[in-house]
2 protein chains.
Amino acid sequence: MAAPDGGDPRARIDAEDRIFAALAHPSRRQILLTLRFRGGRMTAGEIADRFGCTWPTTSRHLGLLRQAGLVSVERRGRERAYVLERARLDACVGRWLAWFADEGEEE
Amino acid sequence: MAAPDGGDPRARIDAEDRIFAALAHPSRRQILLTLRFRGGRMTAGEIADRFGCTWPTTSRHLGLLRQAGLVSVERRGRERAYVLERARLDACVGRWLAWFADEGEEE
DNA sequence: GCGCCATTTAGCGAAACTGCTAAATGGGCC
DNA sequence: GGCCCATTTAGCAGTTTCGCTAAATGGCGC
């Protein structure tokens, strides 16, 4: 799902909401970082193993990240690989942050 | 307050937490944007007037933003001016986002 | 000092979030 | 088919967040 956020400004704002909400939790930010430095793809198990909280809890965090479109899932047999959507993270947060850059620097 | 976040990594992570938590709420992001496009400084009244929610609610949002160090307060007589801390927003969020940039591009 | 104005603090109920344990799904293997 | 494995879904208590209304603070003008 994760709202395609094409040109529709309403959709884009919804997407922004979901993304910033997802980023609000330290564990979720860390999941993204972990993913990033492990090549951008890990199975759910690998991710859950490196976290203090229980399996299902991590699973829910992953679900939120997926709904925000920050990761996507690849079903490979009985494993599920989570893939970091770097472009989307960068596009959305970067675009928002750009509003605060000095004039004449937006893109 | 707003944690000076100098070199101490622990302090920096706390600061990051507060900042991303503050950014999680749409109203707070909008307050920042409004501030940015009105020259970076507005009185609390000016800000509250442009929002749907009640005065005290907005005041609390401002308090959170201040604790995160994203705005600072200047007391001028009986008015309070909120000043956008662009540098801090950019430094913290930008630095975090940079982890996801292509290799060899981090500053 | 008294009253007014701008703003914050206190206190409350409703809703959302987080973490857990227990049970369900769905694919692979014999 | 039957079983195990990886992972998700359900259901539940505790905490936090959000918005509100009502009351307090603190500066300014008379």
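How many bridges join strand E1 (residues 41–43) of chain A to strand E3 (residues 79–84) of chain A? Three bridges do so, and the two strands run antiparallel. This is a predicted model, in which local features need pLDDT of at least 70 and side-chain atom pairs count only at pLDDT 80 or more, while totals for chains, interfaces and linings use all residues. Residues are numbered from 1 along each chain as its sequence is written, and chains are lettered from A and ligands numbered from 1 in the order in which they are written.

**View 1. Strand pairing in chain A.** Helices (H or I, at least four residues) and strands (E, at least two) are DSSP runs, numbered from the N terminus; two strands pair if DSSP finds at least two bridges between them. Opposite Thr43(A) stands Ala81(A) of E3(A). Strand E2 (residues 71–76) of chain A is joined to E3(A) by six bridges, again antiparallel. Arg75(A) has Arg80(A) in E3(A) as its bridge partner. Two residues lie between the strands in the hairpin of E2(A) and E3(A), where Gly77(A) takes a positive phi near 60°.

**View 2. The sheet of chain B.** Three strands form an open sheet in the order E1-E3-E2 (chain B), with antiparallel pairing. Strand E1 (41–43) and strand E2 (71–76) of chain B are the edge strands, each pairing on one side only. On average, neighbouring strands of this sheet are turned by 30° against each other, direction ignored; axes are lines fitted to C-alpha atoms, for helices over the stretch in contact, and angles run from 0 to 180 degrees between N-to-C directions. E2(B) and strand E3 (residues 79–84) of chain B run antiparallel and are joined by six bridges. Within E3(B), Val83(B) is the bridge partner of Ser72(B).

**View 3. Helices on the sheet of chain B.** Helix H2 (residues 26–37) of chain B packs on the sheet and touches E1, E2 and E3 of chain B (contact: C-beta atoms, placed from the backbone, within 7 Å). The direction of H2 makes about 90° with that of E3(B). Helix H4 (residues 55–67) of chain B also packs on the sheet, touching E2 and E3 of chain B, and its direction makes about 115° with that of E2(B).

**View 4. The surface near DNA strand C.** Around DNA strand C there are 21 residues (C-beta atom, placed from the backbone, within 6 Å), the closest being Cys53(A), Gly77(A), Gly45(B), Pro56(B) and Ser59(B). H4(B) gives the most to this surface, with six residues.

Technical notes:
Contact = placed C-beta atoms within 7 Å.
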